Amino acid sequence: MECSGNQNKDEIRVQQNKKIIENLSRIKRKIAVLSGKGGVGKSTIAVNLAVYLAEKGFKVGLLDVDLHGPSVPTILGIKGFPLDMGNNSIMPVNYSENLKAVSVEGLLKDTDDALIWRGPMKIGVIRQFIADVDWGPLDFIIIDSPPGTGDEPLTVAQEIPGAEALIITTPQEVSMSDVRKSVNFCKTLDMPILGLIENMSGFVCPGCGKKTDIFKSGTGEAAAKKMGIKFLGALPIEPGIMGSSDKGAPFVKESASESAKIFGSIADKIL
Ligand code: ADP
């Protein structure tokens with residue numbers, strides 16, 4: 001005979017599964033932004049994609065499950081990420097009329113605190129963010145996961161059926177083995193791959209307009225072809241992108257900038 005503690009846990013899990021299914025049924029497209037390495041611009045792209053889609057009139061949710069290094073709050077310019085914990089649900093932060101966001105930073109007492117969690121706790125908090133957040137009906141949910149193929153992207157892939165992977169890389173040859181790992185991860189988990197974006201692909205001098213391929217360029221496109229996945233486009237290095245993220249003003253809002261235009265054409269392919 002099983003002890004009642006375990007029965008209780010099982011019941012909670014069953015209830016949570018129901019809520020997850022219910023919540024996900026109200027979200028049309030789920031996009032998990034993945035990368036093999038950190039620092040390649042995954043969070044920058046996740047946030048700007050969410051903002052771009054929201055500005056186009058879609059209802060968008062942005063879920064930051066980069067539990068050890070949440071960058072979404074900084075890029076959106078939301079300090080401390082005040083989540084309203086109601087009785088039965090968590091209210092996301094309304095960034096704009098069409099964009100709701102949730103970050104794990106909202107669970108930290110101090111934004112400089114480090115999360116020291118083992119796998120089951122990470123899985124639990126991600127499940128809770130899907131089950132208990134009052135997302136409402138959405139056209140898109142964009143999920144920013146940590147780099148690699150650990151607990152967080154694995155939980156996203158397993159708990160969000162139908163989630164599509166958007167893989168971000170930089171053009172260096174060393175990044176390509178990480179792209180292969182991400183692709184294999186998706187294939188193993190039957191996760192459809194939306195495509196690959198090459199970020200930091202060359203630097204266009206703001207003075208003379210000459211392009212210098214600091215980290216090479218074009219490697220991502222060749223790798224995508226070889227792996228049979230779609231290449232969605234290349235975003236150059238632009239100091240303005242970094243500056244706007246640091247300021248908490250997503251660069252895609254400055255629609256006149258060259259990078260915002262390039263980003264728009266990449267996002268339109270996703271649409
Ligand atoms: P990741 O989520 O992959 O760790 P981030 O999105 O946090 O990476 O980006 C890492 C740093 O690089 C940030 O300071 C960001 O502003 C900057 N960055 C990202 N993409 C670009 C780009 N195309 N041009 C200039 N800076 C960029």
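This report walks through the ligand site and a handful of individual residues in a predicted model.

## Ground rules

Because the model is predicted, local features need pLDDT of at least 70 and side-chain atom pairs count only at pLDDT 80 or more, while totals for chains, interfaces and linings use all residues. Residues are numbered from 1 along each chain as its sequence is written, and side-chain values use heavy atoms, with hydrogens and water left out.

## The ligand site

Let's start with the ligand, which sits in the largest pocket. Here, a pocket is an open set of points on a 1 Å grid over the protein atoms alone, where a 1.4 Å probe fits, with protein on both sides within 12 Å along at least five of seven lines; a molecule sits in it if more than half of its atoms lie within 2 Å of its grid points. There are 15 residues around the ligand, and G39, K42, S43, T44 and P236 come nearest (a residue is near a molecule if one of its heavy atoms lies within 4 Å of it). Helix 2 (42-55), strand 9 (193-204), strand 11 (231-237) and helix 8 (239-247) each contribute at least two residues to this shell. These elements are DSSP runs numbered from the N terminus, with helices (H or I) of at least four residues and strands (E) of at least two.

The side chain of T44 places an N or O atom 2.5 Å from an oxygen atom of the ligand, and a polar backbone atom of S43 is 2.8 Å from a ligand oxygen atom. On the nitrogen side, a ligand nitrogen atom lies 2.9 Å from a backbone N or O atom of P236. Taken alone the ligand exposes 570 Å², of which the protein buries 81% (Shrake-Rupley areas with a 1.4 Å probe).

S35 belongs to strand 1 (residues 27-35). With a relative accessible area of 1%, S35 is buried (buried means under 20%, exposed over 50%, and partly exposed in between, with a 1.4 Å probe and protein chains only). Its side chain reaches the backbone oxygen of K37 at 2.7 Å. Beyond four places in sequence, S35 is in contact (heavy atoms within 4.5 Å) with V40, K42, P147, G148, I168 and S182.

N23, in helix 1 (residues 4-25), is also buried, at 6% relative accessible area. The N23 side chain reaches two backbone oxygens: that of I130 at 2.6 Å and that of A131 at 3.1 Å. Leaving aside neighbours within four places in sequence, N23 is in contact with I130, A131, D132, V133 and W135.

F263 sits in helix 9 (residues 258-270) and counts as buried at 2% relative accessibility.

D190 is exposed, with a relative accessible area of 70%.

M200, placed in strand 9, has a positive phi of about 60° although it is not a glycine. M200 is partly exposed, at 23% relative accessible area.

Note on methods:
Polar contact = N/O pair within 3.5 Å; in protein donor to acceptor, adjacent residues only side chain to side chain. 1 Å grid on protein atoms, 1.4 Å probe; cavity = no way out; pocket = protein on both sides within 12 Å on 5 of 7 lines; lining within 4 Å.
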